[in-house]
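Hello,

Here is the structure I promised to pass on to you. My notes on it follow below.

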Amino acid sequence: MIILCIATTTISSFATSIKESTCPADFWSSQKQEYEKHLDVTQQPCDDFYEYACGNWRAPYQLRMLEAGDTLTAIKAANKHLLIQYFEAYDEKEQNDTTKSIVNFYKSCLDNRTWKAKATEEQRIQYYVEILQSLTVEWPILTEDFASRNETYDWIRVAGEVRRFGVQAFMKVLVQPNWQLAQQLIFYMMPPNFEWLKLRPSDSTYNEESVFLYQRYIKLLMMDLGVKVRRANQIALEVIDFEKQLLSLVTNDQSVILREPQTLESLSREMPLIDFRNYFSSLLQDFELPRDWSQQILIVSDYLFLKKLANFLNHTNGDITGKYVLVQFLIHFEFHLHDEDTYTRQKMDCLQLVNDFLPDELSYLYLQLQYGNSESFLKQSETHLKQIFQNLKSQFEKMLNSSVVFERDNQTRLLSLQKLKDMYLIIPKIEIGQPSSDEAPAKLLPMLSDNYDSNLINLWKLKIQRELSVYVERLTKKNLESFYLDVLKSFGYTYGPLDVNAYYRLKKNAIELPIGLLRAPLYDKCLKPAKLYGSFVYIVAHELIHGFDYDGLNYDAAGSVTNGWGVKAIIKYGVRSNCYLNERYKNDALTINENIADSEGLRLALETLLDHEMSSSFEVDDLKLFFLSFAQTWCGSSGVKTSNSIHAAHKERVNNVVGNFMEFSDIYKCRSGSRMHPEEKCRIW
């Protein structure tokens, strides 16, 4: 959700007019020409529908340069291209402070990475040093004879201090909804990700290549601090060895997230070796806390890891713990990490940083560029999207009421209907001007300068402050029930125009629609209903079905973990979903939830189309268009290895889904037993 308080402005040379209520005369003919050129008519749709629909799909060169590999990444690349063009032709005289701040951050990032920044390397690293020394004056490397004095290092306080800048040292501390009560925010204390020690975040451990790259990077950072080459290499080896020992403390016990939350005071009593109050005092020092805050803060912790961590650090020299934190601080801001990247890569990375740190502001700018009037577009779209979502819910309600899954378990049917009723759609919104009430202050945007390092540190700190402020506000609220409902809808993920997908959030029981998704060829009010429902509405329906897949059925209408489903309904559901484990599906156990959402979601989109969008203009070929639109949502390659992915490859997911539809076989006249008309057709609802 985008909540942005800024003054209106005109972006003259890039703005296009917002679509009027009547669509341009040539709109559909141009869209039709676009999707028809992707077809490979030499292929038989009943033998391989994916190749028939996508055989001639290829992203334009300028989008391929921006990492367009399939339909969704091509849309993302088009959004990138629009914004980068604007930044490169930016006229400072025309724009307001918000636009200037966005452009300043982007340009300072690009100048820094292409060696055009005004600051020297010594000045740049000194900025980070000054921040570190403001946290504590005693640092190894930065403080002479630190090691020889054998100083004790207050690692827990320093860890809390650097967490204010987003640095996760020794342990990862997150604010997230309580797994037991989704409307409640709590702290989770887990092992760190060790993302620099390992080659990929998904890897369970390090390897020779990852250690080599990490060692080289630390060595370069130390040399930037003025350390001689040989000693810099020795420090790198010490830090890596220390981090390997930290990694060895991790038990990979995923059940930690299901443990009972406890108060900070309770955790402190149970584990006196770690001064948790010291950590949170440092972390929350920018806020005014109630007197009993240690009794109110709730924590779910990896208790075993924290206990091992305390014992390990209490027997570790302060010199190495200090070096570890110093390194983590510098690599968190990726100092000098991207110096060898291509210029195009640099531009994309800098734009991604703007998207990550200023998603609301960038979304506003994007809408101005794309549609000319962001408020008009969002107002028109909101009405349209709400109607689509309501139609989907009404149709799925019919499907739940008629499903054999609940024929002997009406209580589970009622629970499912309540969950569907309470499910909501989070639609992007922009508020222009002043806050709506005295209790809703405007979101402060710092005026960003041409100093990239200063900008990055300030934005990280602002991001963490905003996150923590929501939690601290909860500590002082008396009417927690209404507060939780308001917070739950807006807390968590924030999206910008480079986010091109939809997301079902189990703990919110909500579907989030990023602004980047709302554009052709997926979404436009002027698209034919069959085209719109086969692509965009299918994506929304896919997410809705996730609320009722093998993960979703464990969460109730409020987003809390529950065991609400009855045994009879679970057995029936299992029998009907077993079809998604047949030989047509590779990695079936891993991909089953996505396969269910794909097929059942397209079924829901089709039945909603037929029940709510049928008109005198509906033609038989519109059904072909519906299935073509679905297939072309997955043209191209995602570039993700499918061996350990929860999603099947694009070709497999398209062909398996249409193979479950008798309507597809009928409209394309597929003979029984052909690849796209298998005997067994999967359907749960």
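Three strands make up an open sheet with mixed pairing, in the order β5-β7-β6 (helices, H or I of at least four residues, and strands, E of at least two, are DSSP runs numbered from the N terminus; two strands pair if DSSP finds at least two bridges between them). Because β5 (424-426) and β6 (503-505) are at the edges with a single partner strand each, one side of each has no neighbour in the sheet. Strand β7 (residues 510-512) pairs with β6 in the antiparallel sense over 3 bridges, and Tyr-504 stands opposite Ile-511 in β7.

This is a predicted model, where local features need pLDDT of at least 70, side-chain atom pairs count only at pLDDT 80 or more, and totals for chains, interfaces and linings use all residues. Residues are numbered from 1 along each chain as its sequence is written, and side-chain values use heavy atoms, leaving out hydrogens and water.

Now to the rings: the whole structure holds 43 aromatic pairs (ring centres of Phe, Tyr or Trp, the latter by its six-membered ring, within 6.5 Å; planes under 30 degrees apart are stacked, over 60 edge-to-face, the rest tilted). Tyr-128 and Phe-333 have ring centres 5.5 Å apart and planes at 45°, so this pair is tilted. Tyr-128 sits in helix α6 (residues 121-135) and Phe-333 in the loop between α14 (318-332) and α15 (343-357), 205 residues apart. Both Tyr-128 and Phe-333 are buried (under 20% relative accessible area, 1.4 Å probe, protein chains only).

One aromatic cluster is formed by Phe-49, Tyr-52, Phe-626, Phe-627, Phe-661, Phe-664 and Tyr-668.

Best wishes

Terms used: Buried means under 20% relative accessible area, exposed over 50%, partly exposed in between (1.4 Å probe, protein chains only).
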